[in-house]
Amino acid sequence: MNQEKIINVKNLTKTFGSFTAVKSISFDVNQGEIFGFLGANGAGKTTAMKMLIGISKPTSGEAVVAGFDVKTQSEMVKKSIGYMSQKFSMYDDLTIKENITFFGGIYGLSRIQIKEKTAELIYELGLEEVADKLVSALPLGWKQKLSFSVALLHEPKIVFLDEPTGGVDPITRRQFWEMIYAEAHKGTTIFVTTHYMDEAEYCDRVSIMVEGSIEALDSPKNLKKQYNVTSMNDVFLKLARNVE
Amino acid sequence: MKTILFIIQKEFRQIFRNKAMLPIIFVLPLLQLLILSNAASFEVKNIQFSYIDSDHSAASRKLITNFKASSYFKVIQSFNSKTEANHEMQKGKVDVILEIPNHFERNLIKEKKSSLSVSINAIDGAAAGIENVYITQIITAFNQNIQTNLFQYNEATYVQPQNIVTIPSFWYNNTLNYKTFMVPGILVLLVTMLTLFLSSMNIVREKEMGTLEQINVTPIKKYQFIIGKLFPFWVLGLVILTVGLLIAKLIFNVPILGNIGLIYLFTSVYLFVILGIGLFISNHTETQQQAMFIAWFFTVIFILMSGLFTPIESMPQWAQNVTLFNPIRYFVEIIRMVMLKGATFLDISFQFFIIVLYAFILNGLAVLSYKKVN
Ligand SMILES: Nc1ncnc2c1ncn2[C@@H]1O[C@H](COP(=O)(O)OP(=O)(O)O)[C@@H](O)[C@H]1O
Ligand SMILES: [Mg+2]
């Protein structure tokens, strides 16, 4: 593998009081890949991701994202990344277009750029009918598409998606993964967490986190071979058993 | 700058989309002014007045007639002894005892000087202060040469001579029109409460919804976010002030003797102080409920110690010192000075300076405590 490393993490740790949520994790993410960050609920995925996007200070360890240190250059990191939170976090009392305008504006886009970007995103994500509707009136699937489009507004090098498909039906999940693929195809690096093991199959490489530590990291194919099973779900079950 | 405009635009969209908001801005001030300025009147009527006349002279009878003629006093009884009178006051039947000593008239004629003693039931301190003012007015009108010795009655301390409490504001409000006196103060309260509550809850709400996190992952600068967030509430504060001033003028006919520009100048700085406090509260709370409780805590203390309902001069010294840190105190002072006394910039420059200093300190603290990184 001689690809460029766009994320470089070394012994990254986060403690809350006496509880260690992320235990000295180390890994690299290659430019342009879809990197699956897997783990059960409470494994520490969100906590780790928040350190990578510069909104949570690591207790110890290093992380370099898009060439910038998350501890000392977090504002530079923020220019290069997009983030879609686990919890829907757009303005319910604004329309899709207004949300895009606002976030585009604070990402520093000009009015003209915002106009172009809005039109483009709404077309690509198939949001034409609902573009002028208040976000509160939209079903969850639409909301998640909106969050995704906002995360991509400023054409980031890396986009962090925290459980982007949580709580939606399998068809919408499938559609969402198609969007992820389309974006990855443009060269954007995708860092995605999920606790749906079937989604792991869609990733180039996955790490599996158990209770704050990374227990396995490889392509889905290699992992299945290594654990001698047929699905990622079985890989996960075997891992969980080992830890106990 | 461009970034800030985007935030302001979004904020105004949300404010005007919120159906509950417009009534809050326009109807609430009206209701509050109407209710509070009528209810919070200091006017004391039907004061139960009694006297001990040990002089039985023409002068003493004339003085008592003057009290009888006043619409504030209801002369209920004459007592023979102080003990008897005190007994009735303790039972709450009597508010005021006027003691006319022996040789009252003789001293007045011979020495051009005489004294009277007045006991006031001071369980309700505010009422006692006002009763004192009325009594002094009647006595002074009767004869300039009489010295009154005031005793305030209190359950805890029996007879304790006290200095006469004067409420300077009355000097500029000769008709003792309490609405004139209260409306500007209540306007202060309104502007303060609405902007403090709306601003502190607004930012916490973004925390609760998770949108603040979404903003924190953008490369936005702290100052951009804060200015963009607070500016709309600053404008709102000035709009509320304007609505309130119009109501004061058109409905209550409160005079605006001074330059109205001074009120706006002071308010525009004052609002920074309040918004700084709001931001500070929202930085240190996680839910709207917490923010609300803390905002309440501060407003209640600030209001009680502002001189709005109880004169600062009648507070104990330590409390008077505390009021020096109270921004509302300065606003109440200023608005009364400018509206009722016609104060100029020079008159209010001290308060203005304090509030500017306050604005810098609080906003500094608020900006420091706003963290994009946890
Ligand atoms: N701010 C916090 N304070 C204390 N504990 C936290 C905090 N955030 C997360 N945790 C704990 O850290 C663990 C990992 O949480 P999280 O990273 O959200 O897991 P995941 O995203 O994998 O479901 C959980 O046990 C959670 O309760
Ligand atoms: Mg999570």
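Biologist: What makes helix H5 (residues 140-152) of chain A a helix that lies across strands?

Modeller: In this predicted model, H5 of chain A lies across E6 and strand E7 (158-162) of chain A. Its direction is about 165 degrees to E6(A). Angles run from 0 to 180 degrees between N-to-C directions.

Biologist: Which strands form the open sheet in chain A, and in what order?

Modeller: The order is E6-E7-E8-E3-E9-E10, which gives 6 strands with mixed pairing. From one strand to the next, the twist averages 15 degrees.

Biologist: Why are E6 and strand E10 (213-218) of chain A said to stand at the edges?

Modeller: Each has a single partner strand, so one side of each is left without a neighbour in the sheet.

Biologist: How do you know that strand E3 (residues 34-39) and strand E8 (residues 189-194) of chain A are paired?

Modeller: Pairing requires at least two bridges. E3 and E8 of chain A are joined by 5 bridges and run parallel, so they count as a pair by that criterion. One example is A:Phe37, whose bridge partner in E8(A) is A:Thr193.

Biologist: What makes A:Thr46 and A:Gln86 ligands of the magnesium ion (ligand 2)?

Modeller: The cut-off for donor atoms here is 2.8 Å from the metal. A:Thr46 (OG1) and A:Gln86 (OE1) coordinate the ion at 1.9 to 2.4 Å, so both meet the cut-off. The pair links distant parts of the chain, 40 residues apart: A:Thr46 is in helix H1 (residues 45-52) of chain A, and A:Gln86 is in the loop between strand E6 (81-84) and helix H3 (96-106) of chain A.

Biologist: Why is A:Gln86 called partly exposed?

Modeller: Its relative accessibility is 38%. Buried means under 20% and exposed over 50%, so a value in between is called partly exposed.

Biologist: How does the radius of gyration of chain A agree with that of a compact globule?

Modeller: For 244 residues, a compact globule would have a radius near 18 Å, and chain A has 18 Å, so the two agree. Buried residues make up 56% of chain A.

Biologist: What secondary structure is found in the spans of chain B at residues 181-204 and 225-248?

Modeller: Residues 181-204 of chain B are 100% helix and 0% strand, with end C-alpha atoms 36 Å apart. Residues 225-248 of chain B are likewise 100% helix and 0% strand, and their end C-alpha atoms are 35 Å apart. The unreviewed UniProt entry annotates both spans as "transmembrane region".

Technical notes: Residues numbered from 1 in each chain as written. Chains lettered and ligands numbered in written order. Predicted model: local features only at pLDDT ≥ 70, side-chain atom pairs only at ≥ 80, totals over all residues. Heavy atoms only, no water. UniProt positions renumbered as here; feature names shortened; annotations may be inferred. Helix = DSSP H or I, 4+ residues; strand = E, 2+ residues; numbered from the N terminus. Donors = N, O, S within 2.8 Å, 3.2 Å for Na, K, Ca; no water. Buried < 20%, exposed > 50% of the residue type's maximum accessible area, 1.4 Å probe, protein only. Contact = heavy atoms within 4.5 Å. Rg over C-alpha atoms; globule rule 2.2 N^0.38 Å.
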